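Subject: Handing over the structure

Hello,

Here is the structure I promised to pass on to you. Please open it alongside this message, and keep it in view as you read.

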Amino acid sequence: MTEQKETKWISGAWRRIGALVVDVVLLGMVGYVLGLAFWELLVDLGSWGRLLGFVIALLYFGLMNSSFANGQTLGKRLLGIRVVDAENNTIGLPRSFARYAVLGLPFFLNGIHIGAAALSYLIIPLSVVLFGGALSIIYLFVFNRVTRQSLHDLAVGSYVVHADAQKQAVGPVWKVHYVVVAVLFLSAALVPTYAMKLTDDSPFKEMLAIHEALVKNPLVRFANVTVGSTVQHTTSEDSTTTNHVTVEVFVTEDVLDDAALAREIALQVMAVYPEAMNNDSVQVGLRYGYDIGIWSSWRSQFYTYAPQELGADL
């Protein structure tokens with residue numbers, strides 16, 4: 001007679017990742033359908049559309065991971081795992097919503113564009129949530145192998161376990177993990193101080209000046225400015241390096257074919273950043289679309305100008 005091997009209570013990392021992939025795909029399908037039905041509305045939301053995606057994800061994970069659905073999202077049900085408390089009972093709605101808020105906020109807040117005035121007050125708490133929260137979640141998920149609890153599970157006292165397994169004794173979380181998490185959050189609180197010092201120096205100050213000049217245009221919602229190089233290998237030994245200033249502009253209307261607007265933006269870059277004349281090209285990319293976190297859709301059009309040509313019009 002063979003002895004049946006007992007299933008471990010705590011779920012392994014790969015099974016949880018598999019369940020998350022299934023759930024993300026399902027939410028992506030929801031976002032895709034919303035985009036088909038409400039394209040213009042989602043575009044008008046701008047980067048704040050990510051909060052809409054957060055609400056949708058919060059409702060899904062908050063409801064499904066609670067006792068309402070036996071602690072199982074569709075992905076967890078497919079992979080045979082569920083969310084429970086220390087007594088192997090499913091958790092209530094408040095705890096389940098709080099659990100996902102801790103997990104989801106660092107992701108969905110990333111990419112939201114906040115005005116300079118508000119950002120000066122929010123930059124430290126945002127950095128703590130975005131960087132401290134995200135890094136702590138990843139660290140605990142990878143290294144907390146005893147309880148497999150990440151930050152969101154530790155926050156509400158939940159576990160992800162095999163659905164058909166009996167409760168088993170679980171050792172305590174290694175105290176060093178708490179120290180590492182504290183260091184990560186403290187470091188995240190200090191990042192804004194370093195970032196603000198960078199903005200006082202070139203070329204960061206100049207890039208910020210370009211952004212501030214561009215967003216005064218009512219058609220420009222946000223802009224990313226980068227200075228970089230592209231290396232092309234012509235033969236096994238020879239190569240050509242092209243230096244360029246690239247401006248990626250997120251527009252509020254479908255003006256992707258507006259070459260006059262793109263040229264106006266390129267001229268603004270030249271006016272604010274005269275060093276662009278030393279580059280081989282100024283590239284302007286107009287982007288129109290939406291990003292709600294669970295799905296995004298963008299249309300783009302790129303324009304390339306020679307700095308010498310633009311300089312003649314300044």
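Below are some notes on its salt bridges and on one of its helices.

Please keep in mind that this is a predicted model.

**Salt bridges**

The count of salt bridges comes to six.

Asp-291 is partly exposed, at a relative accessible area of 22%, whereas Arg-50 has 7% and counts as buried, because the cut-off for buried is under 20%.

Next come Asp-153 and Arg-99, which form a salt bridge through their side chains at 2.7 Å, N to O. Here too the pair links distant parts of the chain, with Asp-153 in helix α7 (residues 151-156) and Arg-99 in helix α5 (residues 93-109), 54 residues apart. Asp-153 is buried, with a relative accessible area of 0%, and Arg-99 counts as buried at 4%. These two residues also belong to a network of salt bridges, in which Arg-16 is linked with Arg-99 and Asp-153.

The last pair is Glu-309 and Arg-263, where the closest N and O atoms of the salt bridge are 3.1 Å apart. Glu-309 sits in helix α11 (residues 307-311) and Arg-263 in helix α10 (residues 259-272), so this pair links distant parts of the chain, 46 residues apart. Glu-309 is partly exposed, with a relative accessible area of 40%. Arg-263 is partly exposed as well, at 22%.

**Helix α9**

Now for the helix. Which residues of α9 are buried? In this helix, which spans residues 204-214, they are Glu-206, Met-207, Ile-210, His-211, Ala-213 and Leu-214. They lie on the same side of α9, because they cover an arc of only 165° around the axis.

Happy exploring, and do write back with any questions.

Best wishes

Notes:
Residues numbered from 1 in each chain as written. Predicted model: local features only at pLDDT ≥ 70, side-chain atom pairs only at ≥ 80, totals over all residues. Heavy atoms only, no water. Buried < 20%, exposed > 50% of the residue type's maximum accessible area, 1.4 Å probe, protein only. Helix = DSSP H or I, 4+ residues; strand = E, 2+ residues; numbered from the N terminus. Arc of directions from axis to C-beta. Salt bridge = Lys/Arg side-chain N within 4 Å of Asp/Glu carboxyl O.
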